[in-house]
Amino acid sequence: MTDLVVRRLLVDMEAPIQRHWCAGDAFRTALFNALSMSFPVGEQFFIDSVRNGFKALPPEKQESFRAEVQGFVGQEATHRRLHSLYNGHLEKLGLVNHWEPRARERLQLMEGADVRHWLAITAANEHFTAILADWMLRNADLLGDRDPRLATLWLWHSAEESEHKNTAFDLYQALGGDHEWRIRWFRRITLIFLGDTVRQTVSNLRQDGTLWKWSTWKSAASYLFGRRGLVRQTFRPWKDYLRRDFHPDQHDSSASERWLVDNRERFALVGQ
């Protein structure tokens with residue numbers, strides 16, 4: 001089990017967001033804005049999955065998960081709230097969130113399904129966020145310095161995603177979830193997550209008026225496939241999930257641990 005604490009990030013989310021807040025780069029900004037648009041509905045689904053998974057455990061197993069589940073729910077609820085504020089600024093910039101209604105429609109299909117399916121979906125998404133988080137923490141300079149507040153938000157969120165990457169996976173295993181369904185959902189989520197990310201990023205760029213600029217596509221190629229590219233450096237850890245003996249703990253979390261230690265002045269512990 002993991003000791004998870006809830007943190008209150010000390011940033012002002014009331015201040016407006018710049019049009020190209022991420023290093024002045026249209027593509028990077030559009031990509032991160034797209035991801036933020038998915039978080040409120042996604043985080044709520046993850047919370048519901050873990051809560052219901054915990055309730056489905058036999059009483060003798062619940063105690064060993066209780067503190068971790070409480071920490072997970074608290075962290076995800078905080079992420080949901082801050083990204084809702086973030087997304088409110090994006091609306092003011094004229095960006096339309098198409099991802100969230102699509103996600104809500106798909107999630108309605110899960111009503112009444114075995115909680116292990118919910119947890120398998122959550123574990124798959126948490127793997128995506130964990131490998132993205134680790135990459136971001138190791139390449140923090142690519143966020144630029146135009147908006148230190150948003151850079152802090154993304155790095156704090158990344159550190160906590162890495163910190164709680166085991167929770168849904170362990171609950172799935174504790175409830176007897178099998179390898180075949182874990183992989184089946186992972187493959188589906190891979191297609192859905194990547195498809196939604198591309199669609200919303202393209203939409204953001206189109207609304208921003210930068211979709212057909214050469215600089216946008218040049219930035220996308222470098223950011224995704226360059227020497228430090230997101231896709232290039234996360235493909236192998238993504239693939240690890242397919243192994244029968246995989247566990248999230250097998251991936252290094254030291255970048256998360258370092259950031260939380262080195263940036264203690266940027267947050268306060270809730271309840272302390």
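This is a predicted model: local features need pLDDT of at least 70, side-chain atom pairs count only at pLDDT 80 or more; totals for chains, interfaces and linings use all residues.
A salt bridge here is a side-chain nitrogen of Lys or Arg within 4 Å of a carboxyl oxygen of Asp or Glu.

**Glu43**

Glu43 sits in helix 1, which covers residues 26–56. The residue is buried yet has no salt bridge. Arg80 carries the nearest side chain of opposite charge, 8.3 Å away. Beyond its neighbours within four places in sequence, Glu43 is in contact with Glu76, His79, Arg80, His157 and Glu161.

**Arg138**

Arg138 belongs to helix 4, residues 115–138. Is Arg138 buried, partly exposed or exposed? Arg138 counts as partly exposed because its relative accessibility is 40%. Leaving out residues up to four places away in sequence, Arg138 touches Asp252, Ser254, Ala255 and Arg258.

| Side chain | Partner side chain | Distance |
|---|---|---|
| Arg138 | Asp134 | 2.8 Å |
| Arg138 | Asp252 | 2.8 Å |

Asp196 is 58 residues from Arg138 in sequence. In space, the two lie 25 Å apart, C-alpha to C-alpha.

**Helix 7**

Helix 7 spans residues 179–208, a run of 30 residues. From first C-alpha to last it reaches 43 Å, close to the 44 Å expected at 1.5 Å a residue. What caps the N-terminal end of helix 7? Asp178 does, with a side-chain oxygen 3.4 Å from the backbone nitrogen of Glu180. After helix 7 comes Gly209, whose phi is positive, near 80 degrees.

Technical notes:
Residues are numbered from 1 along each chain as its sequence is written. Side-chain values use heavy atoms; hydrogens and water are left out. Helices (H or I, at least four residues) and strands (E, at least two) are DSSP runs, numbered from the N terminus. Buried means under 20% relative accessible area, exposed over 50%, partly exposed in between (1.4 Å probe, protein chains only). Lys and Arg count as positive and Asp and Glu as negative; His and the chain ends are not counted. Contact means heavy atoms within 4.5 Å. The expected span of a helix is 1.5 Å times one less than its number of residues. A polar contact is a pair of N or O atoms within 3.5 Å; within protein, one must be able to donate a hydrogen and the other to accept it, and residues adjacent in sequence count only if both atoms are side-chain atoms.
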